[in-house]
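Visitor: Please put the model on the screen, and let's go through it together.

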Amino acid sequence: MRDAMAMLTIGDFARATRLSAKALRRYDELGLLPPARVDPFTGYRYYAEEQIEAARLVAWLRRIGMPLAEVGQVCERYATDPGAAARAIRAYWAGVESETAARRDLASSLVDQLKGTAAMTTPGHVLHTAVRLDRGRVRASQQDAAHAGPHLLAVADGYGPEGDRAARAAIEALTVPTSSRTGDVVDALEDGVRRAAAALADLGGSGTTLTAAAWTGTRLAVAHIGDSRAYLLRAGALVRLTRDDTLVQALVDAGELDPAEAPDRPDRALLLKALDGGDVPPDPELGVRGTRPGDRLLLCTDGLSAVVTPDAVRRALAGADDPETAADALVTLAMERGGPDNVACVVADVVPA
């Protein structure tokens, strides 16, 4: 056993690591950073000099905002595989940057409204929409769902024994106001996602992705959980509006996987976030984009996006005269590539009223 005199007291260790004694006691309680020795009579904590590096790692991870549970996982990996710990940190930060980008869009929308540059009424444009559902060539049942209305577009990809009910329940839980104020619509979408999560509470073992877009007449508010996607086609260029909540996407974001290799990964559909009726529903990714006459929107499940390349999707969208033709072309492309999964897609054009 180490001699306490050859070790650092909690005060000395706190000064060496820039952690407070209070934080060190808390990390000890959580099992993140237990002292090397605790005096059985006085209860004094003593730390070994070799623990300084691990303590600094904890401090740095907390400084970048990593939750304590994830800090513990990184520290466990660091003890046996520093490379794995580094990958976990990169994946965490990629998620932070994605969330920051979504918040930046919301902030930009707010700035526009406060400056008076965002239109507060619908300027005589509407959505012309088309919905297509296809069971595919392999699946025994249809577990995807879709909706297209004048103000709300949505797709959901259910999984598990009650996946079809989960997908439908998630979409049915969504409601948006006929408001031109972006803040009202974003709040309503977020509330709808939480209702959707609650609606799945009795469907044990089943869940769904959900991608929904609410239109104000000038802006598109998007809420997203899972790996269904939303795209915007403008002037022939296709922009993806959502980020997949999957392990493969996290690896791509962390620089551990070439994006070109992602479609061939056997674990490409492994979700990191989904609506599953759990006690703590995941927070949706929220974003806002401005719309213009001539824009074409696509929401789809991975039965389309996993088998049809983005460039093929772009060509199909750009080459169609109307949403119906575009949606038919997209489903055909998925079937030509084997139709291994259910397909749901919504195509919407911003057109004069």
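Guide: A word on terms first: helices (H or I, at least four residues) and strands (E, at least two) are DSSP runs, numbered from the N terminus. This is a predicted model, in which local features need pLDDT of at least 70 and side-chain atom pairs count only at pLDDT 80 or more, while totals for chains, interfaces and linings use all residues. Residues are numbered from 1 along each chain as its sequence is written, and side-chain values use heavy atoms, with hydrogens and water left out.

Visitor: Okay, how many helices and strands does the chain have?

Guide: The chain has 11 helices and 14 strands, and its C-alpha trace spans about 80 × 50 × 40 Å along the principal axes. Of its 353 residues, 47% are buried, where buried means under 20% relative accessible area, exposed over 50% and partly exposed in between, with a 1.4 Å probe and protein chains only.

Visitor: And what share of the contacts join residues at least 24 apart?

Guide: Counting contacts (heavy atoms within 4.5 Å) between residues at least 6 apart in sequence, 67% join residues at least 24 apart.

Visitor: Which residues have the most contacts inside the largest nonpolar core?

Guide: They are Leu 174, Leu 189, Val 193, Leu 210 and Leu 275, in a core of 29 residues; such a core is a set of buried Ala, Val, Leu, Ile, Met, Phe, Trp, Tyr and Cys residues joined through side-chain atoms within 4.5 Å. At least two residues of this core come from each of strand 6 (152-159), helix 6 (163-172), helix 7 (182-199), strand 8 (210-215), strand 9 (219-225) and strand 12 (285-290). Helix 7 gives the most, with six residues.

Visitor: What is Leu 189 in contact with?

Guide: If we leave aside neighbours within four places in sequence, the partners of Leu 189 are Leu 152, Leu 174, Val 176, Ala 212, Ala 214, Ala 221, Val 222 and Ala 223. There is also a second, separate core of 25 residues, which includes Ile 10, Val 71, Tyr 92 and Val 96.

Visitor: Switching to helix packing: at what angle do helix 10 and helix 11 pack?

Guide: Helix 10 (residues 310-319) and helix 11 (residues 323-336) pack at about 150°, and their axes are 8 Å apart. Axes are lines fitted to C-alpha atoms, for helices over the stretch in contact, and angles run from 0 to 180 degrees between N-to-C directions. The two helices are therefore roughly antiparallel to each other, since angles under 35 degrees count as roughly parallel, over 145 as roughly antiparallel, 65 to 115 as roughly perpendicular and the rest as oblique. Ala 312, Val 313, Ala 316 and Leu 317 of helix 10 make the contact with Ala 326, Ala 329, Leu 330 and Leu 333 of helix 11.

Visitor: How about helix 1 and helix 3, what is their angle?

Guide: Helix 1 (residues 10-17) and helix 3 (residues 52-63) pack at about 60°, with axes 9 Å apart, and they are therefore oblique to each other. On the helix 1 side the contact is made by Phe 13, Ala 16 and Thr 17, and on the helix 3 side by Ile 52, Ala 55, Arg 56 and Ala 59.

Visitor: Is Arg 18 buried or exposed?

Guide: Arg 18 counts as exposed, because its relative accessibility is 72%. Ala 235 also has a positive phi, of about 55°, and lies in the loop between strand 10 (229-234) and strand 11 (237-240); at 83% relative accessibility, Ala 235 counts as exposed.
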